[in-house]
Structure formats: structure tokens, C-alpha cells
Amino acid sequence: MTTAAAPPRVPEAIHRRRWAILGTLVLALLVVVLDNSILNVAMKTIASPAPTGLGASQSDLEWSINSYTLVFAGLLFTAGLLGDRFGRKRALLAGMVVFGIASLLSALAASPGELIGYRALMGVGGALAMPATLAIIMNVFERAEQPKAIGIWAGAVGLAIAIGPITGGLLIEHFWWGSVFLINVPIVVIALVAMVLLVPESKDPNPGRLDPIGVLLSIIGLVALIYGIIKGGELADFTAAAALVPMLVGVAALVAFVWFERRTSHPALDVTWFRNKVFSASVVVVGVVFFALMGVSFFGVFYTQSVRGYSALQAGMLMLPLAVAQLVFAPRARLVVDRFGIRATCAGGMVLIAAGFVGYQLLDVGTPIWVLVVLGLLMGSGMAHVMPPVTVAIMGSLPREKAGAGSAINNTFRQVGGSLGVAVLGAVLSTVYRDGMADKLDQLPTEALREKAGESLEATLAVADRLGPQGAGLVGPANDSFISAMHVVAGLSAGITLVGALLAWLLLPGRLPAGGPGAPGGAPGAKDARPAERSDAAEPARGTAAADV
């Protein structure tokens, strides 16, 4: 059966409103990504003493981000499975409701501990919603339009990155810090109404038996591994028991998960998918990109606000070039793939990202700010030519009925890579910074003050401000030490990204296999799949796998 002769898989009524559905899904994606980019701008204010902020320590700030990441990444895979089994629209609606309620609670938090707890609840909502967005796209668009739709989906991340810091800056300048979370609530309400009216239900037509053991092992493994990584970064010592033990537990649980999934008759994850070179290479590339980018994005805010003295709004505006480049180029990346192939497009995009990291070596206290703007455009363009193609490759390698699980795996590798980046590169940044400030900190009057000032650039500047004229001599060395540490981390990120470019060049195919994204049976092991998951002919016209209508 040729592609031209194949019956359409999507019901006509859904096909007609597919772009409106995509817009609704993008709105859900925006609110989840927007929240994290807003929070980056608000960190300095939240660290301020009450009533301006919560008086959060450096550790509190990190955990306000990490609590979300920990829960989000730990539940992503499970949430994708639940969506495939019980309905992706149901998972999306549930996720948005939880996210909206948790956002309201975060806005009203009275202490750093409460904020961290409510951020974890937001992670539950995000985990339910995120895999469902991409899975629904795969089930409301025909194969020929899926690369374009995924490009728009990926470009929406750039839009969120753009409007997040700017919105956060405006809110911080005119309202209290909690407004950066409260802004989510009306967006969630609008999204929920649109989802109820527009988004069709879809799920795996024959999901098989539940696999509670596999699901439990996956949650334990991911949560323990990411917790250990985060703790190691916080302590700047990955060999400490508090970090090493959870990481070992996580690795052991994930090994047990793979072992069990290979032997059970009803696996939650068909691990033979990873035998597909396209699938496995793509998820590795996603992890490498976010390892490098998330580590650098963590210190970017402190460079622009603390070293250069820009306001929260101005710092947000300086992130605009990175986001605009993604927004402009991501939906068009398919055209580059059509001309040069996925291997060359992704490897070239990663080389652009690496070049941007190399450019960070030019930044110091007095560098013209247009240099940072150019670097943002360069790195955003690189990202736009990596994420859409590898996402299409991941989703196109799997049976369409498993879109939720595929989306969850994509996002899980992204989150694990990002967590590693924040932890490892953050630990390097802290270590290099403290070493550079050692002689200056030794001159402080008390051990407690020396310990506090050595935590971070922001902590040093706070101590200097408290000491008045006596602390004025700390400011210049602190800025210089931070910039030196930033150069080291950016150099490491450039090297890691180049390794990713090499992997993309060696492992990704020149062209995607025939049949296009979402082709059933595209993954290894598809020949062993149930008949309903193996061919278009197994589904009614336009397919009940596409929507239960």
C-alpha cells in the first residue's frame, strides 16, 4: 500500500480544526515553559528579605527550581503512559488544573519551604500536561504536516522564553514577587476552556495490561537519580554520601526497570525501541543540548543583573534574541532538513550553539551589551535547527499509538540532561568562584561571614553591602571571580556541545526513513506489536487511534 493510496487517519471534523487545536496545545506549553523563565528573573527578588521577598538562601533558590524539575522529570514517563491508556485529553486537562491551583498556592507562599512544596505540585501538573501536547499533535495531524506542526510546537518554547523574562520583569517592577506565579492562573483558565471545546480525546486503542512494577521502578529510578544529581551540585561534591547514595539507588532502579521490562509480557516501555539508532541517537542529542544550555542559563541572570547592574525587566529583554531566533527558525527547520538532511542540520545547529558558548569568553564587566545580543541570536538559531528535527525523529521512530510514551521519553531525557547541567556546571561555577575569592574572603572578620560570602556572587554582594565601606573592596574581585568562573563553565559547555554535534553527525541518518513521522511499526519490535498497532489497515478510515469520536 503506497502512501498516496493510504486512507487518511484523522477524522475530517478534527482535520478541519487541527490548527486551532495546535494553538490550544501551544497555549498549554506556553504556560508551563513561561513559568520557569519567569522564575529565573524573579530569583533575585525572592532572595531579598521580607517583605520584598522571602529571604530565600541560594539553596532555597535552587530548590525552588529543582523541586519542580525533580517531580516533573520523575513523573513524565508515567504521565505519558497514563495519557496513552486513559486518554491524552484527560491527562492534559488534569495537568492544567493541578498546575493552575499550584500556581495560585505558590503566589501566596509565606516561606521558602512553602514555595518549594508548591513548586513540586506544579511539577505534577506539568508532567501530566507536557507529554499530552506532543502526543495529541501526532494524532490530529497527518504525517505530511507533522514536521511543520512539531516545528511550531518547538518554536512555542522560544516564544515562552521571550515573553517569560519580559513579563516577569514587568511584574517584579510593578507588583510583588508572587505575581510571577499568579499570572499563570488566567492563562490556565483560558486554556482549559479552549481544550474542552476543541481538543479531541485520543488514546492507545489496545494498551494491554498495566505494568505497576515497571512504573514504580521508573519513578524510583528517575527521582532518586535526579535528586542525587541535584544534591551533588548543591554540595559541589558528587562523591558525598548524600549525593552518591541516591544516584546509585537511581541507577540500580533503572537497571532493574530495564531488566524487568525485557522479561515481562506487558512492558510499560518497549526497551527494544532503543535498538533503533535514530531513536536512541535523538534522545541522547536532546540530553546533551539541555545539559549545556541549562547550566549556562542559570548563571546568565546573575551576569546581567548582578555584574552588569540591569533591572529584572532589562535582563528579560536581553534574553529576547535567543527566544526570537527560536521562534522564527524552529517552524522553518523542516525546510533545512529537506535540503540538507537531518544529520547535517542537527550537527550544524549544535556547532552554532557551541560557537555561542565560545563567544561567552568575550564577556566581562565592560563588554558592549550588543555582544550578548549577537550570542543569543546565534545560540537560538542553533537550537531551532536541533530540537524540531530530533523531536520529529523520536516521534517518527515509534508507533503512533505510543505517542504519549514517546513524548514522555523525549521530555525525560531533556529534563535529566538539564538537571545534570544545572548540577554539574553549577558545581563547577561555585568551586571556581570560591577558589578565586579565597584570599579576599579570608580577610572577613568571622568564619560564619566567610562561609556565607563564599556561597555565591549574590551572597558575596549581600555581605559587602552589610559591611558598608569595609565591604566595598569585595565587589570588584567578586565580579571578576564570577566572570572567570563563567568563562570556565561556558568553555566546558562548548566542548560538551561539540561532542553532541559529533554524535549527531555519526549516529543520525542523512534522511528519515520512508513513511514519515508517526508511521506505525516504525520502531524496532513493531513486528511483534498487536495487529491494531501495526498498520493503517487495522484502523477505520482516519483512525480511531487518532480520536475517540
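Mentor: A crossing is left-handed if the near helix is turned anticlockwise from the far one by less than a right angle, and right-handed if clockwise. The crossing of helix 4 and helix 5 is left-handed. This is a predicted model, in which local features need pLDDT of at least 70 and side-chain atom pairs count only at pLDDT 80 or more, while totals for chains, interfaces and linings use all residues. Residues are numbered from 1 along each chain as its sequence is written, and side-chain values use heavy atoms, with hydrogens and water left out.

Trainee: How much of the chain counts as buried?

Mentor: Of its 549 residues, 58% do. Buried means under 20% relative accessible area, exposed over 50%, and partly exposed in between (1.4 Å probe, protein chains only). Among contacts with a separation of 6 or more, 83% join residues 24 or more positions apart. Contact means heavy atoms within 4.5 Å.

Trainee: How do helix 4 and helix 5 pack?

Mentor: Their axes are 7 Å apart, at an angle of about 155°. That value makes helix 4 roughly antiparallel to helix 5. The cut-offs are under 35 degrees for roughly parallel, over 145 for roughly antiparallel, 65 to 115 for roughly perpendicular, and oblique for the rest. The residues of this contact divide into 18 nonpolar, seven polar and three charged.

Trainee: What is helix 4 called relative to helix 8, and why?

Mentor: The axes of helix 4 (residues 88-107) and helix 8 (residues 184-198) come within 9 Å and cross at roughly 165°. Helix 4 is therefore roughly antiparallel to helix 8. Axes are lines fitted to C-alpha atoms, for helices over the stretch in contact, and angles run from 0 to 180 degrees between N-to-C directions. This crossing is left-handed. By class, the contact has twelve nonpolar, three polar and one charged residues.

Trainee: Which residues count as nonpolar?

Mentor: Ala, Val, Leu, Ile, Met, Phe, Trp, Tyr, Cys and Pro; Asp, Glu, Lys and Arg are charged, and the others, Gly among them, polar.

Trainee: Why is helix 14 called oblique to helix 15?

Mentor: Helix 14 (residues 333-340) and helix 15 (residues 342-359) pack at about 125°, with axes 7 Å apart. That angle makes the pair oblique. V336, V337 and F340 of helix 14 meet I342, A344 and T345 of helix 15. Five of these residues are nonpolar, one is polar and none is charged.

Trainee: How do you know that the span of helix 16 agrees with what it should be?

Mentor: Helix 16 (residues 370-384) has 15 residues and, at 1.5 Å a residue, should span 21 Å; its end C-alpha atoms are 21 Å apart, which agrees. The expected span is 1.5 Å times one less than the number of residues. Buried residues of helix 16 include V371, L375 and M379.

Trainee: What makes G23 partly exposed?

Mentor: G23 has 40% relative accessibility, so partly exposed is its class. G23 lies in helix 2 (residues 18-46). Its C-alpha atom is 9.7 Å from that of A191, 168 residues apart along the chain.

Trainee: Is T133 buried or exposed?

Mentor: Buried, with a relative accessible area of 1%. T133 sits in helix 5 (residues 112-140). Beyond its neighbours within four places in sequence, T133 is in contact with L25, A28, L92 and W153. The C-alpha atoms of T133 and A28 are separated by 7.7 Å.

Notes: Helices (H or I, at least four residues) and strands (E, at least two) are DSSP runs, numbered from the N terminus.
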